[in-house]
Amino acid sequence: MRHRVLQHGRLLPAVESRLAAQYDLHPLWQEADPQAFLKAHGGEFVGLATTARFGADAALIAAMPSLKIISSFGVGLDAIDLNAARERGIAVGYTPDVLNDCVADTAFALVLDVARRISASDRFVRRGDWLKGQFPLATRVSGKRLGILGMGRIGRVIARRASGFDMEVRYHNRRPLADVDHGYASTLEELAAWCDFLVIASAGGAETRGLVSREILDALGPEGFLVNISRGTVVDETALVEALQNHRIAGAGLDVFENEPQVPEALMALDNVVLLPHLASNTHETRAAMGQRVEDNLAAFFAGRPLLSPAL
Ligand code: 8YV
């Protein structure tokens, strides 16, 4: 008998076909009325394959009374109700580590782009403006100060990338980390006031919601740049738009937004911001590794072995 696994959101085609070969896989995303489907069939599934974006909220977990394993594609757990899963003894697997390099690379792509104005200068060339004059001067990256909010797995790789640019790194976390040599800022405001680039690499969810507030942006100041590769919810987006419009910060590089895929119109109109469509982990190599981990976590669970990367 093949285990019944519900699929919430799309996965890579290759992963979908391998899962379908192994399990009795049902794509919830193909249902015209997912609520009605869950009401009629939710109890039939022992597994849920989902993504960091679609997650598994309390309602979905409640609609699946036989659920034993959630295997999520992504490192972010903010869309999964971990308390609901814990209460029911449901195992939760996710895909940390395998995406650290590509997410850190994207953070640096944004640091370089927003400071050196790479995307803006590309637009300048395409508009034919080079024929009319020189592109204005931009801001140096090498040797500057990099502040990292959230020195976790990804934050540490960003710090390593920074050493190649001769940057001094400091960080802010809930508490200082014994195995990290970089300077610790005991408040986010102190970190923002110190650094030239503030890179957000913290987790999303209720605990970090709105941490980067108007006050933090003002501490970063008119020569400071903000880069966000974590979750849009960590930043007060309204305050960010105002700070960018009024040049109270120098610029921002954003891979994530509060209400994806909606990007505020006001941001689209600004030239001091780089906007990416949440692509930090989107490389063939990393996505394949993430998909493999989704499969491996499921396989381990059904074989009675510990998950490769358990979230609980
Ligand atoms: C994914 C992510 O692009 O891992 C995460 O938490 O945000 C990204 O890597 C995406 O969320 C997959 O759904």
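Which residues does Ala91 touch, not counting residues up to four places away in sequence? They are Lys68, Ile69, Ile70, Phe301 and Leu307, where touching, or contact, means heavy atoms within 4.5 Å.

Before going on, a word on what you're looking at. This is a predicted model, so local features need pLDDT of at least 70 and side-chain atom pairs count only at pLDDT 80 or more, while totals for chains, interfaces and linings use all residues. Residues are numbered from 1 along each chain as its sequence is written, and side-chain values use heavy atoms, with hydrogens and water left out.

Back to Ala91. This residue lies in strand 5; strands (E, at least two residues) and helices (H or I, at least four) are DSSP runs, numbered from the N terminus. With a relative accessible area of 19%, Ala91 is buried (buried is under 20% relative accessible area, exposed over 50%, partly exposed in between, with a 1.4 Å probe and protein chains only). Gly47 sits 44 residues away from Ala91 along the chain, and their C-alpha atoms are separated by 9.6 Å.

Two strands pair if DSSP finds at least two bridges between them.

Leaving aside neighbours within four places in sequence, the contacts of Thr50 are His8, Leu11, Gly55, Ile70, Ser71, Ser72 and Phe73.

Now for strand 9 (residues 197-200), which is covered on both faces: Phe197 and Val199 on one side, and Leu198 and Ile200 on the other, are all buried. Strand 9 runs parallel to strand 6 (residues 145-149), with four bridges joining them, and Leu149 has Ile200 as its bridge partner. Four bridges also join strand 9 to strand 10 (residues 225-228), again running parallel. There, Val199 stands opposite Val227.

What about the helices? Here are two packed pairs, with axes fitted as lines to C-alpha atoms over the stretch in contact, and angles running from 0 to 180 degrees between N-to-C directions.

| Helix pair | Angle | Axes apart |
|---|---|---|
| Helix 5 (residues 100-116) and helix 7 (residues 153-163) | about 55° | 9 Å |
| Helix 1 (residues 13-22) and helix 12 (residues 284-302) | about 15° | 10 Å |

Helix 1 is therefore roughly parallel to helix 12, whereas helix 5 and helix 7 are oblique to each other (under 35 degrees is roughly parallel, over 145 roughly antiparallel, 65 to 115 roughly perpendicular, and the rest oblique).

The contact of helix 5 with helix 7 involves residues including Val103, Ala107 and Phe108 of helix 5 and Ile154, Val157 and Ile158 of helix 7. Its residues divide into eight nonpolar, one polar and five charged (Ala, Val, Leu, Ile, Met, Phe, Trp, Tyr, Cys and Pro count as nonpolar, Asp, Glu, Lys and Arg as charged, and the others, Gly among them, as polar). In the other pair, Val15, Arg18, Leu19 and Gln22 of helix 1 meet Gly291, Gln292, Glu295 and Leu298 of helix 12. That contact has three nonpolar, three polar and two charged residues.
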